[in-house]
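Student: I have a model open and want to learn how to read its packing. Can you take me through it?

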Amino acid sequence: MAKPKKGSEDDDLLRAALEDFRLCEDAENDNRTSALEDIQFSRLGIQWPADVARQRQIEGRPCLTINKLPTFIRQVVNDARQNKPSIKVHAADSGADPATAELMNGLIRNIEYTSNADTAYDTATECAVTGGFGYIRVGMDYAYDDAFDMDICIKRVSNPFSVYGDPNSREADSSDWDKAFVVDQMTKEQFEAQWGDKAQVDWDDSVWNEVGTSWRDGNTTTVAEWWTREETERPIVLLSDGSIHDLEDMQSDDMQFLLQAGQVQVVRQRTAKSCKVTQRFMSGAEILETREWPGRYIPIIPVYGDEFDVEGKRYFRSLIHNAIDAQRMFNYWRTASTELVALAPKVPFIGEEGAFDVDIQRWNTANTKSHPFLEYSKGKQPPQRQPLDMGTAAGALQEALNASDDIKSIIGLYDASLGARSNETSGRAIMARQREGDVSTFHFIDNMARAIRHTGRILIDLIPKVYSGERIIRVIGEDGTQEAKPINQQYQQKDPKTGQPMQQPVMGPNGQPVQDQAGNPLMQPIMAIHDLTAGKYDLTVTTGPSFTSRREEAAASMTEMVRAFPAAAPIIVPELAKNLDWPGADKIAEKMQAAADGQVPPQAQQQMEQGKKQIEQMATQLQQLQQENQQLKADKSDKIAEIQSDETVQLRKIESEERVSNRKIVADQNAAFYKAQASVAAAAAKPQPNPRQNA
């Protein structure tokens with residue numbers, strides 16, 4: 001095929017790309033060389049210098065490798081796996097909605113779940129700990145094979161040496177990258193299968209001779225993604241309703257109608273700075289394809305290990321970089337001790353010549369069998385027994401122990417951090433030493449948190465552009481529950497407890513609810529909308545145990561609280577049941593929560609209905625019995641009234657006779673009294689004789 005003309009736009013881009021790649025390659029040469037040596041040393045076990053190993057092999061001497069470094073690497077990497085950073089989105093301005101921010105949290109969890117983002121995070125962390133740097137990628141793909149909707153995905157970078165970053169970057173998370181390369185080696189067959197219809201330079205064209213072996217080596221070529229970010233300017237306007245629009249959008253028919261109708265007015269206008277990101281695929285001979293990226297960041301996130309800057313140049317080192325010499329010393333001294341023990345004499349007896357001629361068969365097997373006695377030649381000196389352990393390896397073993405301690409002190413992880421028994425005996429002392437190990441390696445965990453924060457920043461920037469239309473997405477809660485949510489469209493809210501659509505009264509102009517003819521208030525559905533294209537959002541990253549670990553800790557703490565304060569059990573127990581792992585815990589939690597809220601489960605409701613019917617039947621029977629009882633009481637009352645009437649007549653007759661008799665007695669007494677009184681009065685009126693006259 002024909003070669004593109006010189007001076008064309010593609011040729012200018014290609015020359016710029018080759019120059020950028022050369023700068024990136026030169027800037028990262030030291031870091032890549034160091035990372036490759038560290039990975040080969042710690043992971044592949046290539047720990048002896050090649051010339052030393054070859055010489056010892058020629059001499060037939062041992063060359064042992066007892067690799068202690070993977071244990072330290074796994075300690076830091078697995079600690080990071082147990083304490084994964086999580087992204088938390090927050091509303092950042094008045095146009096943002098807290099409920100929409102929570103929906104974005106669920107959407108990001110769904111992106112992480114469908115993309116196996118935990119694998120991408122773990123791989124990047126392990127590369128940073130082992131080699132000094134690793135990478136995470138953010139991409140886009142169709143949601144399904146037969147769909148047009150796009151989804152965001154987080155990709156794993158298994159080969160950190162395939163990425164070349166911006167040599168001019170200074171940010172800790174490299175969010176200021178303006179250029180980057182992702183290279184891939186392809187054979188001729190692979191290249192033609194993927195790019196054969198787009199490649200304009202033939203495989204046998206002479207232009208390949210000009211690009212060098214870094215781009216073409218025999219039957220293999222390098223294809224690179226060339227990412228660039230350019231600063232652009234765009235005019236924006238502020239309208240009277242508070243909304244901000246691009247000046248280009250103001251030319252639409254809808255906006256022109258609003259302006260002409262006077263519903264909105266342009267208040268302010270200024271030039272805003274933005275970024276344009278472009279992805280190009282290239283070989284060493286041509287630009288193969290160009291794609292526009294919707295975000296403002298290059299979607300490649302570095303995860304750095306131990307970072308430091310010397311005279312403006314950034315260096316990245318692994319966890320075990322400074323422990324390489326100590327590991328080599330450990331290998332040497334363990335090899336030396338093994339060699340000394342192997343070369344030590346194994347002859348148990350020595351004696352004069354001819355001393356073993358007598359009973360020679362037993363002497364020949366004296367070092368392999370136990371004999372009751374051994375005879376030596378008469379007239380000779382008794383053979384002397386030689387000790388097998390001459391102590392020749394003691395010094396080498398001590399030096400090996402010193403080298404092992406050097407590895408621990410250099411890395412900062414001691415026996416307590418590695419789970420081995422050490423001098424600490426109390427739990428407090430062991431935890432203190434473990435915290436020392438966590439502190440000495442925490443910068444690896446913190447750098448991972450920074451990378452995930454930048455990942456979240458890229459996701460927040462892409463979500464309004466990728467999820468801009470009306471669609472239904474899946475969101476995942478912090479506890480793993482899944483729910484379908486409509487976005488960029490109105491929908492009727494549902495009660496989170498019952499799942500029923502929510503309604504509210506229709507309010508009239510006077511602020512009072514509008515009523516229908518029956519006097520009941522008119523109801524209308526409560527509508528909501530999650531507009532992912534409106535408002536500004538920010539994020540924070542928290543590092544800690546996983547939700548499962550925190551749930552187990554919460555269950556233990558709740559159990560202790562219920563024991564200490566039993567009165568709080570009705571409030572705490574439903575939440576306690578939610579945090580338990582055994583089967584059926586969620587259903588039990590729902591039932592207990594319903595009981596706490598005054599709700600009755602369906603089965604209990606059915607039993608209550610049956611009981612209610614039985615009670616109604618019993619009430620009817622009881623009412624009948626009461627009526628019969630009242631009738632009996634009424635009949636008895638009539639009889640008692642009749643008897644009581646006869647008794648009253650007799651009683652009144654007796655009482656009348658008694659009154660008549662009493663009156664007669666009183667009259668007789670009064671007559672006798674008056675008669676006696678008259679006699680006394682008559683006697684008093686009769687004249688008395690004079691005693692003097694009688695004398």
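Student: Which residues does Ile300 touch?

Tutor: Contact means heavy atoms within 4.5 Å. Leaving out residues up to four places away in sequence, Ile300 touches Tyr135, Ile136, Arg137, Val163, Trp177, Ala180, Val182 and Trp227. This is a predicted model: local features need pLDDT of at least 70, side-chain atom pairs count only at pLDDT 80 or more, and totals for chains, interfaces and linings use all residues. Residues are numbered from 1 along each chain as its sequence is written, and side-chain values use heavy atoms, with hydrogens and water left out.

Student: How many residues has the largest nonpolar core?

Tutor: In soluble globular proteins, nonpolar side chains tend to be buried together. A nonpolar core is a set of buried (under 20% relative accessible area, 1.4 Å probe, protein chains only) Ala, Val, Leu, Ile, Met, Phe, Trp, Tyr and Cys residues joined through side-chain atoms within 4.5 Å. Here the largest has 54 residues. Ile136, Ile152, Ile300 and Tyr467 have the most contacts inside it. Helix α13 (residues 442-466; helices are DSSP runs of H or I, at least four residues) gives the most to this core, ten residues. A second, separate core has 17 residues, including Cys24 and Trp208.

Student: What about charges over rings?

Tutor: The test is NZ of Lys or CZ of Arg within 6 Å of the ring centre and within 35 degrees of the ring normal. The charged end of Arg32 sits over the ring of Tyr164, 3.6 Å from its centre. The charged end of Lys68 sits over the ring of Phe330, at 5.2 Å from the centre.

Definitions and conventions: Buried < 20%, exposed > 50% of the residue type's maximum accessible area, 1.4 Å probe, protein only. Helix = DSSP H or I, 4+ residues; strand = E, 2+ residues; numbered from the N terminus.
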